[in-house]
Amino acid sequence: MKKIAIIGSTGSIGTQTLDVAAAHPDQFQVEALAGGGNIKLLLEQVQQFKPRMVSVGTAALAEEIKPYLPSGVQLYHGNEGLIEVAAGSDADMLVTAVMGSVGLRSTLAAIDAGKQIGLANKETLVTAGHLVMERAAAKGVSVLPVDSEHSAVFQCLNGEHRAEISNITLTASGGSFRDLTRDQLSHVTVEDALKHPNWSMGAKITIDSATMVNKGLEVIEAHWLFGVPYEQIQVLLHPESIVHSYVEFVDGSIIAQLGTPDMRVPIQYALTYPQRMKAPGKRLSLAQIGQLHFREMDYDRFPCLRLAFECGKIGGTAPTAYNAANEIAVARFLNKEISFLQIETILERVLEEHQVAAQPDLEAIEAADAWARSKARQL
Ligand SMILES: NC(=O)C1=CN([C@@H]2O[C@H](COP(=O)(O)OP(=O)(O)OC[C@H]3O[C@@H](n4cnc5c(N)ncnc54)[C@H](OP(=O)(O)O)[C@@H]3O)[C@@H](O)[C@H]2O)C=CC1
Ligand SMILES: CC(=O)[C@@H](O)[C@H](O)COP(=O)(O)O
Ligand SMILES: [Mn+2]
């Protein structure tokens with residue numbers, strides 16, 4: 001029995017992690033769950049999975065949910081609650097399924113407590129990759145990728161030597177507007193942006209796919225997870241999202257991981273690694289698909305991806321500011337305060353003004369994050 005805790009259990013990754021747990025009740029025990037505002041769903045999850053510990057977004061929500069919780073369940077709230085759920089239960093593994101850099105302190109706390117990390121929350125690694133990976137190495141804790149591309153690369157690297165990697169290619173669907181010109185992008189709506197061609201995901205990451213910020217975050221995530229320099233990371237447009245990513249080795253061999261676009265597969269692999277277990281999803285038939293397509297990435301069409309490479313190479317707090325500015329810009333777009341193209345304008349402006357701190361500690365990371373958020377709100 002593997003004991004798991006999930007922060008962000010009410011979201012897209014969180015609910016799919018619980019689907020995996022429900023499909024293998026003899027393998028997984030859910031110890032602790034944290035949601036944000038969706039207490040109705042959280043209560044249903046509590047009834048089904050019987051965790052000993054739960055957390056909600058605010059003190060007011062905690063008061064609201066309290067009368068309905070079975071006796072004996074410990075209830076927490078806010079950022080402290082996230083930390084309790086992440087680090088304070090008997091879980092062997094934490095699945096980080098919250099959205100945004102709010103997951104940083106709880107992920108670090110779980111590492112300190114010796115929990116294995118199933119990492120979906122890419123913003124955590126982007127904002128403070130050096131802190132997370134150094135702390136995990138010091139504690140002997142593994143950080144197992146949940147993100148589909150990184151799970152693919154992780155599987156391609158199984159048994160391989162890192163020194164023999166020639167390059168890593170992350171595939172990108174192109175998002176909701178991949179066939180539109182930049183001129184056409186000035187008129188797009190939130191509703192259209194939320195229609196991802198291949199994946200059903202939370203709102204923020206769906207917008208990130210359309211701006212290509214998601215791939216930018218994933219480039220930085222890959223740098224930290226696999227210890228590969230940015231010069232050896234590439235991005236390729238692949239509209240079908242069947243080849244989830246691939247690795248080329250020094251002898252010219254390429255190993256790729258393929259599958260239908262179903263996040264329960266990488267989630268389950270992180271939960272069961274190094275074993276594999278049966279999964280209920282649809283099987284991939286290449287014969288039925290017939291053709292797959294690939295296109296060179298156009299960095300003028302998707303400037304946020306170029307900016308991510310630049311921030312990653314600069315290092316320090318540059319990726320922190322990129323991520324924080326994007327979180328605010330996307331929230332403002334979803335709130336219909338700004339247009340789609342203004343997301344990238346905000347990113348560019350915040351990064352132009354950001355004073356990068358090299359080798360930042362946690363306080364410097366949080367200061368840069370707060371500065372970039374405030375700047376992105378003003379613009
Ligand atoms: N969805 C996907 O297929 C993929 C997602 N990812 C990554 O996984 C992470 C989660 O994405 P996704 O599941 O799509 O996002 P969702 O928006 O669907 O879910 C986010 C979850 O985080 C919770 N949450 C948000 N803010 C807070 C907070 N301040 N305190 C506590 N809980 C909070 C939400 O709670 P509530 O809803 O109750 O308010 C919800 O449970 C992101 O980092 C994303 O980039 C990576 C690969 C694929
Ligand atoms: C499912 C997953 O891992 C997402 O991050 C997905 O990759 C988004 O697709 P694109 O960013 O390629 O549009
Ligand atoms: Mn991904």
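Helices here are DSSP runs of H or I with at least four residues, and strands are E runs of at least two, numbered from the N terminus. With that in hand, welcome to a few close-up views of this predicted model.

**View 1. Lysine 50 sits in the loop between α2 (39–49) and β3 (53–56).** Although lysine 50 is not a glycine, its phi is positive, at about 50°. Most residues other than glycine have a negative phi. Lysine 50 has 13 C-beta neighbours inside 10 Å and therefore counts as partly exposed.

**View 2. Serine 241 is found in the loop between β9 (233–237) and β10.** Here too the residue is not a glycine, yet phi is positive at about 50°. Serine 241 counts as buried because 20 other C-beta atoms lie within 10 Å, and the cut-off for that label is 20 or more.

**View 3. A cis peptide bond links tyrosine 273 to proline 274.** Omega for this bond is about 5°. Proline 274 belongs to the loop between α12 and α13 (286–289).

**View 4. Helix α5 (residues 104–112) meets helix α6 (residues 122–139).** Their axes come within 10 Å and cross at roughly 10°, so α5 and α6 are roughly parallel to each other. On the α5 side, the contact is made by Leu104, Thr107, Leu108, Ile111 and Asp112. From α6 come Thr124, Thr127, Ala128, Leu131, Val132, Arg135, Ala136 and Lys139. Sorted by type, the residues of this contact of α5 with α6 are seven nonpolar, three polar and three charged. Helix α6 also holds histidine 130. Histidine 130 has 16 C-beta neighbours inside 10 Å, so it counts as partly exposed.

**View 5. Helix α16 (residues 340–353) crosses helix α17 (residues 362–378) at roughly 130°.** The two axes come within 10 Å, and the crossing angle makes α16 oblique to α17. The crossing of α16 past α17 is right-handed. Ile346, Val350 and Glu353 of α16 make the contact with Ala372, Lys375 and Ala376 of α17. Four residues of the contact of α16 with α17 are nonpolar and two are charged, with no polar ones.

**View 6. A shell of 29 residues lies around ligand 1.** Gly8, Gly11, Gly36, Met201 and Gly202 come nearest to ligand 1. Helices α1 (12–23), α6 and α10 (203–211) each supply at least two residues of this shell. The largest share, three residues, comes from α1. Overall, the shell around ligand 1 divides into 12 nonpolar, 13 polar and four charged residues.

**View 7. Ligand 2 has its own set of surrounding residues, among them Asp147, Ser148, Glu149, Trp199, Lys215 and Met263.** The elements giving two or more residues to this shell are α7 (148–156), α10 and α11 (213–226). By type, the shell around ligand 2 contains four nonpolar, five polar and three charged residues.

**View 8. Helix α7 is mostly covered, with nine of its nine residues buried.** Its buried residues include His150, Val153, Phe154 and Cys156. The buried residues of α7 pack against the strands β7 (143–145), β8 (165–172), β10 (243–249) and β11 (254–258), and against the helices α11 and α12 (264–272).

Definitions and conventions:
Residues are numbered from 1 along each chain as its sequence is written. Chains are lettered from A and ligands numbered from 1 in the order in which they are written. This is a predicted model: local features need pLDDT of at least 70, side-chain atom pairs count only at pLDDT 80 or more; totals for chains, interfaces and linings use all residues. Axes are lines fitted to C-alpha atoms, for helices over the stretch in contact, and angles run from 0 to 180 degrees between N-to-C directions. Angles under 35 degrees count as roughly parallel, over 145 as roughly antiparallel, 65 to 115 as roughly perpendicular and the rest as oblique. Two residues are in contact if their C-beta atoms, placed from the backbone, lie within 7 Å. Ala, Val, Leu, Ile, Met, Phe, Trp, Tyr, Cys and Pro count as nonpolar, Asp, Glu, Lys and Arg as charged, and the others, Gly among them, as polar. A residue is near a molecule or strand if its C-beta atom, placed from the backbone, lies within 6 Å of it. A residue is buried if 20 or more other C-beta atoms lie within 10 Å of its own, exposed if 12 or fewer, and partly exposed in between; C-beta atoms are placed from the backbone. A crossing is left-handed if the near helix is turned anticlockwise from the far one by less than a right angle, and right-handed if clockwise.
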